[in-house]
Amino acid sequence: METKPSSRSGRGGLIWHFLKGSRGFFVLCMICAAASALADMVTPQIIRLAVDQVIGGASVDTLSPRVRELLAAAGGSAYLRANLWILALAIVAVALVKAASQYGFRVYNAKGGETLVKTMRDTLYTHIERLPFQWHMQHHTGDIIQRCTSDIDTTRNFVSEQLTNLIRILILLVMSIIFMVGMNPLLTLIAMIPVPVIIAYSIRFHHQIWEGFQQCDENEGKLSAMVQENLTGVRVVRAFGRERYERDRFDQQNEFYTGLWVKMGRIMSRYWSTADILSGLQVMLIVVFGVIFCLRDRMTSGEYIAFLSYNGMLVWPIRMLGRMISEMSKAGVSMERVGQIMDAEEERDDPDGAAPPLNRDICFDHVSFAYEGTAEMLHDISLTIPAGSTLGILGGTGSGKSTLMYLLDRLYPLAPENGKITIGGVDIQQMRLSHLRSGIGIVLQEPFLFSRTLKENLMITSPDLTEADLAEASRTACLEETIDGFSKGYETFVGERGVTLSGGQKQRAAIARMLTQKAPIMIFDDSLSAVDTETDAKIRAALEKRFGQATIILISHRMTTLSKADQVLVLDHGKVAQLGTPEELRNQPGLFREIDQIQSMSREEETA
Ligand SMILES: Nc1ncnc2c1ncn2[C@@H]1O[C@H](COP(=O)(O)OP(=O)(O)O)[C@@H](O)[C@H]1O
Ligand SMILES: [Mg+2]
């Protein structure tokens, strides 16, 4: 997938948009995180009180007025010494508050996280469904799937594991420092010495790891694209005995991908162990200076124990900040990749667009076309298909036959400077897209059936179809016998989990599906290539009988098919080589006559 200029900072709005519906849960989550952090702050104070005032009998003068009030309310130091259970109970009460807030945190976190993921999936899927055909042609399915799964997970993990903890981290950080300064400013200053180093190191690490994650994600996309393609094309792989080649290719990519993560693992281990050493050094400083201060009576033992607890609480948030920065880069990469999909412009359908009747003359007026990033491949094509007539199209592979039909169905937009296509005089670019597409029935060259029942496949065009409609369409498409052959009839599962249809059966199912649409314009893109000549003729006769008024475009190489058309267009390398009735073309030198002669010769041989 090509990478657009990234806008890491611009993704905040997108996250905010995705957070619709889960914001409330995350706010509750943060409140619980704050409560739990505050509970953490209280315990060392109780222990300090127990050590200094209750056990040591120290004066209460050094305590803050608020704590002194609390102590007096509990009955004073002497009373507490006689009733130690009060302090014990206080510690249990704090633990209960902490447990309750942790419980709330987890529950709201899960709710918020899952809601976020659901919103993201819904939004992305809806958006992808609306993206133009061109976009889909340019992107690997596996890569898109990866963006819709693992990139969404990464984002969710960041929000629910990191972002919700931010408040807890900040409370722990700020409150610890406040308490530490309150007890001993000098020792706090000493404790702070290694902090800038730890933070600077975190940031350096963040820069290093950003690129790594991006590489990992891209290669995971490549890997899943490879798997996806191989599973879809498993028959080709087997038929050509390419298992080994494909496996080697996969192995190579898999190994490269694994290597990337191992490298990331090494970078991360280096970071975590260095951070361990740094925080060890920091604790060492406090142990050394704290003991010295205690010995010189500049600090009480209770204060020293509480100080160590707060310091422990300080180290964790500092390291978490580092971790958060690295997770942020990971989530940033994922958001960027999801954002690239969201940036792609949706196919716009103007609800006020024209919706004229489509059983009118179709006119290609000096149409030229180039696929994005390639040279022009349709050159100045002009022709008129009178309403209700049949046009045959003949041309070598790659001559642009399918492309011309895609343009008529507006699967690709046609820029005004490249000519225009009109139906009944109305430019199709001005029409309501849904109107145009429902009025054009197209059987694609490579028909696709969903892994659902035959009935569900046929009913795709409209949920209101009756059994009679289905039967009629199947009869016209010569599919009836095939369906009767299945024990479950229309309820037969086709595709991956059911009956595998032959090429011809698939084509006929696709034709039947299109016929249920009852469109005034019908396009058959080489759709009868896989059925025998006889069935081909039968289907065409049935079509003629039922859809006498429809405008039909038949792309085919069969002379028997083409010679029944009202006019035939011969395309050669994207240019109109010949245009006329079959009779006229038979009397002109050109591709039509050449193929006609070859095929009539082989027909004679067959009958001889
Ligand atoms: N999505 C695409 N992007 C770029 N080039 C394409 C795309 N689809 C088809 N082409 C090219 O356009 C030319 C015409 O293709 P197509 O219309 O499918 O030919 P035909 O149906 O006559 O065999 C071919 O050279 C093909 O390689
Ligand atoms: Mg084609």
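## Thr516, tucked into a loop

Let's start with Thr516, which sits in the loop between helix 18 and strand 7. This is a predicted model, and in it Thr516 has a relative accessible area of 8%. That is under the 20% cut-off, so Thr516 counts as buried.

Who surrounds it? Leaving aside residues up to four places away in sequence, Thr516 touches Leu458, Thr461, Leu465, Leu470 and Ala473.

## Lys455 and its neighbours

Lys455 belongs to helix 15, which covers residues 454–458. With 22% relative accessibility, Lys455 comes out as partly exposed. Its contacts, again not counting residues up to four places away in sequence, are Glu467, Leu470, Tyr490 and Glu491. Leu470 turns up here and also on the contact list of Thr516.

For a sense of distance, take Thr422: 33 residues separate it from Lys455 in sequence, and the two C-alpha atoms are 34 Å apart in space.

## Helix 19: one face in, one face out

Helix 19 takes in the 14 residues 533–546.

## Helices 2 and 7, side by side

Further up the chain, helix 2 (residues 23–55) packs with helix 7 (residues 141–183) at an angle of about 30°, and their axes are 9 Å apart. That angle makes the two helices roughly parallel, and their crossing is right-handed.

Helix 2 contributes Phe26, Cys29, Met30, Ala33, Ala34, Ser36, Ala37, Leu38, Asp40, Met41, Gln45 and Arg48 to the contact. From helix 7 come Val159, Ser160, Leu163, Thr164, Ile167, Arg168, Ile171, Leu172, Met175, Ser176, Phe179 and Met183.

## Arg266 in helix 11

Arg266 is part of helix 11, residues 243–295. Its relative accessible area is 52%, so Arg266 is exposed. Ile167, one of the helix 7 contact residues, lies 99 residues from Arg266 along the chain, with 30 Å between the C-alpha atoms.

## Two positive phi values

Most residues other than glycine have a negative phi. Which way do Asp297 and Asp380 go, positive or negative? Phi is positive in Asp297, at a value near 60°, and positive in Asp380 too, where it is near 45°.

Asp297 is placed in the loop between helix 11 and helix 12 (301–343), and at 69% relative accessibility it counts as exposed. Asp380 is found in strand 2, residues 378–385. With a relative accessible area of 46%, Asp380 is partly exposed.

Notes:
Residues numbered from 1 in each chain as written. Chains lettered and ligands numbered in written order. Predicted model: local features only at pLDDT ≥ 70, side-chain atom pairs only at ≥ 80, totals over all residues. Heavy atoms only, no water. Helix = DSSP H or I, 4+ residues; strand = E, 2+ residues; numbered from the N terminus. Expected span 1.5 Å × (residues − 1). Axes fitted to C-alpha atoms, helices over the stretch in contact; angles between N-to-C directions. Parallel < 35°, antiparallel > 145°, perpendicular 65-115°, else oblique. Left-handed = near helix turned anticlockwise from the far one by under 90°. Contact = heavy atoms within 4.5 Å. Buried < 20%, exposed > 50% of the residue type's maximum accessible area, 1.4 Å probe, protein only.
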